[in-house]
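Work through the exercises below with the sequence and the model at hand. Each task is followed by a solution in steps.

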Amino acid sequence: MEKALKKYSFDTASEREGSNAEKYVLREQLFGTQDVLPVWVADMDIDTPQCVLDAVKKRLRHPVMGYEEVPESAFMAQIAWMKQEHNVTFALEDMFYSHSVVASMHTAIEAFTKEGEGVIVQTPVYPPFFHSVLQLNRKLVKNPLTCNKQGKYEFDIEDLKAKIDENTKLLLLCSPHNPVGRVWKKEELEQILEVCLQHNIVVFADEIHADLVYAPYKHTPFAALGSRAKDITLTAIGVGKTFNMAGFAISTVAIPNKELREKFKKAYDKVHFAQGSSLSHVAFEAAYKEAKEWLRALKIHLYENYSMLSALAKKYPHFMKVTPIEATYLAWIDCRGMGLKDKELRSFFIKEAKLGLNPGISFGREGSGFMRLNFALSSAKMAEVVQRLENALRKISG
């Protein structure tokens with residue numbers, strides 16, 4: 001197997017500048033300059049698997065690009081993947097197409113809560129979690145994660161219990177967690193499950209990073225905790241992060257419980273999600289059927305990139321610490337040692353390091369003093385990122 005993995009090289013990647021890539025197009029707007037390497041938005045500066053591109057090329061031989069339904073074979077490929085890779089079983093009838101997890105999250109909030117009712121988010125977290133709640137005029141119930149001296153984040157179960165009242169209806173779970181990189185243990189998730197069962201709270205589990213977990217850690221789907229968990233869970237999954245396919249705009253929501261399915265569908269039908277793109281369908285199916293070996297090689301490469309960044313942080317421990325990572329390709333960097341306010345910290349990375357990162361404060365107040373860096377890059381580009389950051393740190397270290 002190791003010999004087979006060697007055929008995949010991530011030393012270099014296709015240049016995205018000039019390709020209408022979001023992270024490059026928006027540099028001037030977000031950072032006030034084009035002179036930054038963008039390492040913020042969560043897609044990869046790594047080529048999408050060739051098997052996916054080949055499937056799209058094959059489909060393009062048919063000259064009609066009309067409306068299509070998501071083929072059962074595509075859903076079944078994902079269902080088989082989830083069973084094999086994550087030991088959770090979904091049925092074809094459980095599956096909904098969605099163009100994005102955020103759209104699915106909005107729909108779940110509409111389906112299972114009313115204006116003014118409570119939705120739990122566990123900060124620091126991907127900003128659409130709390131933006132979605134506020135945009136839909138629901139009550140934001142913040143249950144911040146706790147962080148120990150080693151930089152490891154955990155659920156605060158007692159705080160969760162204290163925040164819940166009779167109007168709390170939904171919990172938005174990020175698993176694995178973005179941005180802190182945690183893979184929640186089964187025992188941790190079971191604590192969340194018991195609280196939600198006790199208070200009749202539905203769980204929307206964003207598991208879009210489930211396949212990007214590093215050994216020895218193992219992702220446990222919330223719905224895999226047993227029949228009671230399946231009855232209260234909506235699981236959002238897809239190929240966007242795993243195989244660098246965000247541009248295909250295809251993901252799914254799995255809802256095993258019939259009553260929840262029917263409620264979700266009422267909100268879903270109001271939006272008219274339709275069935276997506278014919279090219280997305282074949283790309284989605286090909287990824288799940290043919291790209292497993294590519295993914296194994298990719299994760300080795302990603303962890304090497306993370307290790308480069310972690311090694312740099314160890315050279316400047318008084319300025320920055322990289323949070324221990326268990327999943328995702330998003331480094332959560334503790335920069336509080338620099339003694340800078342959030343705007344000053346952002347400015348340091350832009351002006352001194354010439355890097356465009358996500359400011360930690362955008363993930364919630366608990367992210368103050370942190371920055372998020374996307375290390376899903378070719379080896380060559382990662383080396384450049386580390387060099388730019390080291391040059392900047394060397395200047396301020398005297």
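This is a predicted model: local features need pLDDT of at least 70, side-chain atom pairs count only at pLDDT 80 or more; totals for chains, interfaces and linings use all residues.

**Exercise 1. Covering of strand 12**

Task: Determine how many residues of strand 12 (residues 330-334) are buried, and which residues lie on each side.

Solution: 
- The cut-off for buried is under 20% relative accessible area.
- By this cut-off, 5 of the 5 residues of strand 12 are buried.
- In a regular strand, side chains alternate between the two faces of the sheet.
- One side of strand 12 holds L330, W332 and D334, and the other holds A331 and I333; both faces are covered.
- Strand 11 (residues 321-322) runs antiparallel to strand 12 and is joined to it by 2 bridges, with K321 and D334 as bridge partners.
- Strand 15 (residues 370-374) is also antiparallel to strand 12, joined by 5 bridges, and its N374 stands opposite L330.

**Exercise 2. A charged residue in a loop**

Task: Is D43 buried or exposed, and which side chain does the side chain of D43 contact?

Solution: 
- Locate D43 in the loop that runs between strand 1 (37-38) and helix 4 (50-59).
- The relative accessible area of D43 is 14%.
- The limit for buried is under 20%, so D43 counts as buried.
- The side chain of D43 makes a polar contact of 2.9 Å with the side chain of K23.

**Exercise 3. The largest pocket**

Task: Describe the volume of the largest pocket and the residues that line it.

Solution: 
- The space in the largest pocket comes to about 950 Å³.
- Its lining has 38 residues, and those nearest the centre are E22, V41, A42, Y126 and K241.
- Sorted by class, the lining has 21 nonpolar, 10 polar and 7 charged residues.
- Elements that each supply at least two lining residues are helix 3 (27-31), helix 6 (101-112), helix 7 (128-135) and strand 14 (358-359).

How values were computed. Residues are numbered from 1 along each chain as its sequence is written. Side-chain values use heavy atoms; hydrogens and water are left out. On a 1 Å grid over the protein atoms alone, a cavity is a set of points where a 1.4 Å probe fits but cannot get out, and a pocket is an open set with protein on both sides within 12 Å along at least five of seven lines; lining residues have an atom within 4 Å of a point. Grid points are joined across faces, edges and corners, and a volume is the space filled by probe spheres set on the points. Helices (H or I, at least four residues) and strands (E, at least two) are DSSP runs, numbered from the N terminus. Ala, Val, Leu, Ile, Met, Phe, Trp, Tyr, Cys and Pro count as nonpolar, Asp, Glu, Lys and Arg as charged, and the others, Gly among them, as polar. Buried means under 20% relative accessible area, exposed over 50%, partly exposed in between (1.4 Å probe, protein chains only). A polar contact is a pair of N or O atoms within 3.5 Å; within protein, one must be able to donate a hydrogen and the other to accept it, and residues adjacent in sequence count only if both atoms are side-chain atoms. Two strands pair if DSSP finds at least two bridges between them.
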